[in-house]
Amino acid sequence: MSGKTITRADLAESVFRKVGLSRTESASLVEMVIEEVCNAIVRGETVKLSSFATFQVRDKNERIGRNPKTGEEVPISPRRVMTFKASNVLKQRVLKTHRVRQTGQKIASTA
């Protein structure tokens, strides 16, 4: 998996090219969207982006874990974790792309 990493700057550049806002406005828009998603997750709200994914905060109870090096049992404290669940639409797109790459076919554009 040596794919390219998409950054905030890449997202802003894409908005600039596709929407026609200035580069500054595009970067600001990307920042506002990311900030809103982050704030909602911090508040414990579920963020569902249709056809993409759901981000959710879960509470995990205290449990006993094991140090893999020593085998010693250690308590793992309760905590809150964020989960990411890809939508079926995204899963299907990934699977389709994988299959196409395996067979060497070209990918038809969905846009």
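## Ser26 and its surroundings

In this predicted model, the side chain of Ser26 reaches the backbone nitrogen of Phe16 at 3.2 Å. Ser26 belongs to helix H2. Its relative accessibility is 0%, so Ser26 counts as buried, the cut-off for that class being under 20%.

Apart from neighbours within four places in sequence, Ser26 is in contact with Ala12, Val15, Phe16 and Leu21.

## The pairing of helices H1 and H2

Helix H1 spans residues 8–19 and helix H2 spans residues 23–42; their axes come within 8 Å and cross at roughly 125°. Because of this angle, H1 is oblique to H2. The crossing in which H1 passes H2 is right-handed.

On the H1 side, the residues that meet H2 are Arg8, Leu11, Ala12, Glu13, Val15 and Phe16. Their partners in H2 are Arg23, Ser26, Ala27, Leu29, Val30, Glu31 and Ile34. Sorted by class, this contact comprises 8 nonpolar, 1 polar and 4 charged residues.

## Thr24 and Glu25 in helix H2

Two further residues of helix H2 are Thr24 and Glu25. Thr24 has a relative accessibility of 62% and therefore counts as exposed, whereas Glu25, with a relative accessible area of 45%, is partly exposed.

A polar atom of the Glu25 side chain lies 3.0 Å from the backbone nitrogen of Ser22. Glu25 and Ala12 are 13 residues apart in sequence, and their C-alpha atoms are 8.5 Å apart in space. For Thr24 and Ile76, which are 52 residues apart along the chain, the C-alpha separation is 45 Å.

Ser51 is located in the loop between strand S1 (47–49) and strand S2 (53–60). Although Ser51 is not a glycine, it has a positive phi of about 65°. With 45% relative accessibility, Ser51 counts as partly exposed.

Ser87 occupies the loop between S5 and helix H3 (88–103). Its relative accessible area is 17%, so Ser87 is classed as buried. The side chain of Ser87 reaches the backbone nitrogen of Leu90 at 3.1 Å. When residues up to four places away in sequence are not counted, Ser87 touches Ser51, Phe52 and Ala53.

## Thr83 in strand S5

Which residues does Thr83 touch, not counting those up to four places away in sequence? They are Thr54, Phe55, Gln56 and Arg58. Thr83 itself is found in strand S5, which covers residues 79–86.

The C-alpha atoms of Thr83 and Val57 are 6.2 Å apart in space, while the two residues are 26 apart in sequence. Thr83 has a relative accessible area of 25% and is therefore partly exposed.

Conventions: Residues are numbered from 1 along each chain as its sequence is written. This is a predicted model: local features need pLDDT of at least 70, side-chain atom pairs count only at pLDDT 80 or more; totals for chains, interfaces and linings use all residues. Side-chain values use heavy atoms; hydrogens and water are left out. Axes are lines fitted to C-alpha atoms, for helices over the stretch in contact, and angles run from 0 to 180 degrees between N-to-C directions. Helices (H or I, at least four residues) and strands (E, at least two) are DSSP runs, numbered from the N terminus. Angles under 35 degrees count as roughly parallel, over 145 as roughly antiparallel, 65 to 115 as roughly perpendicular and the rest as oblique. A crossing is left-handed if the near helix is turned anticlockwise from the far one by less than a right angle, and right-handed if clockwise. Contact means heavy atoms within 4.5 Å. Ala, Val, Leu, Ile, Met, Phe, Trp, Tyr, Cys and Pro count as nonpolar, Asp, Glu, Lys and Arg as charged, and the others, Gly among them, as polar. Buried means under 20% relative accessible area, exposed over 50%, partly exposed in between (1.4 Å probe, protein chains only). A polar contact is a pair of N or O atoms within 3.5 Å; within protein, one must be able to donate a hydrogen and the other to accept it, and residues adjacent in sequence count only if both atoms are side-chain atoms.
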